[in-house]
Amino acid sequence: MDLAHLTGTEAQQRLGEIEPLYAEAFPESDLDDYRWRMRRQMASPGFEAVTARQAAALTGFVYGLPLPAGTTWWDGLEPAAPAGFTTETGARTFAVIDLAVRRTHRGRGLGRRLLDELLAGRTEERATLATAPHEQANQEMYRRWGWRQVGRVPGGAKETLAAFDLYAIDLREPEPTSST
Ligand SMILES: CC(C)(COP(=O)(O)OP(=O)(O)OC[C@H]1O[C@@H](n2cnc3c(N)ncnc32)[C@H](O)[C@@H]1OP(=O)(O)O)[C@@H](O)C(=O)NCCC(=O)NCCS
């Protein structure tokens with residue numbers, strides 16, 4: 001299995017093969033919304049994808065981007081987080097947006113490998129991801145992989161779900177906040 005890192009510009013050029021795999025993995029999603037969201041995200045600073053191929057065919061992908069200052073990611077979080085937890089700078093938290101593996105290639109460690117490969121190279125202090133509240137098997141999988149549940153947020157106007165469960169994982173020690 002060949003893994004490759006892609007910038008936003010490179011991912012844009014591969015969207016034609018990423019999109020059918022997205023549609024297979026998230027059949028309930030609206031592809032027009034997906035294209036609209038992806039165009040915006042791929043153009044954002046720090047966007048990065050990791051893709052997996054076997055015999056030239058795309059078998060999996062993961063991508064995300066750093067949360068910008070003023071992000072709405074944590075808005076409405078229940079239970080409320082400790083002071084400062086939701087403060088973003090553009091360099092503090094990497095948000096994993098989508099992770100997908102072709103159905104025929106699941107259950108062999110590729111999903112975890114893709115995620116590990118993406119996060120190992122990031123410089124942010126932590127990562128976050130959003131899961132569907134009813135997808136308990138996915139949530140258990142993330143907990144086994146060391147992610148912790150932070151809380152629940154309401155879905156936005158363009159979202160397909162009424163709520164999302166947010167998870168986080170530390171990637172490194174937080175930057176000191178003062179020079180003393
Ligand atoms: C989630 C997904 C990316 C995982 O990919 P994968 O290549 O199967 O992942 P891995 O093989 O690395 O790990 C799968 C884990 O689930 C477990 N698993 C496998 N089949 C399972 C099943 N039917 N039910 C529950 N757990 C299962 C495996 O044991 C493994 O757990 P472990 O690492 O603790 O042993 C893949 O199932 C997928 O594309 N799903 C559809 C899209 C999706 O839901 N993405 C995540 C959105 S939050």
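By class, how many nonpolar, polar and charged residues does the shell around the ligand have? The model is a predicted one, and its ligand shell consists of nine nonpolar, five polar and four charged residues.

**Ligand shell**

There are 18 residues around the ligand, and those that come nearest are V101, G107, G109, G111 and R144.

| Residue | Protein atom | Distance to a ligand oxygen atom |
|---|---|---|
| R106 | polar side-chain atom | 3.4 Å |
| G111 | backbone N or O atom | 2.9 Å |
| R112 | backbone N or O atom | 2.9 Å |

On its own the ligand has 940 Å² of accessible area, of which the protein covers 67%. Two or more shell residues come from each of the elements β4 (93–101), α3 (110–120) and α4 (136–144). Of the shell, α4 supplies the largest share, with four residues.

**Helix α3**

Which residues of α3 are buried? They are L110, G111, L114, L115, L118 and L119. Viewed down the axis of α3, these buried residues lie within an arc of 160°, so they line one face of the helix. The cover over them includes the strands β1 (2–7), β2 (48–54), β3 (57–66), β4 and β5 (126–131), together with α4.

Conventions: Residues numbered from 1 in each chain as written. Predicted model: local features only at pLDDT ≥ 70, side-chain atom pairs only at ≥ 80, totals over all residues. Heavy atoms only, no water. Near = heavy atom within 4 Å. Polar contact = N/O pair within 3.5 Å; in protein donor to acceptor, adjacent residues only side chain to side chain. Areas by Shrake-Rupley, 256 points an atom, 1.4 Å probe, with all protein chains shown as cover. Nonpolar A, V, L, I, M, F, W, Y, C, P; charged D, E, K, R; others polar. Buried < 20%, exposed > 50% of the residue type's maximum accessible area, 1.4 Å probe, protein only. Arc of directions from axis to C-beta. Contact = heavy atoms within 4.5 Å.
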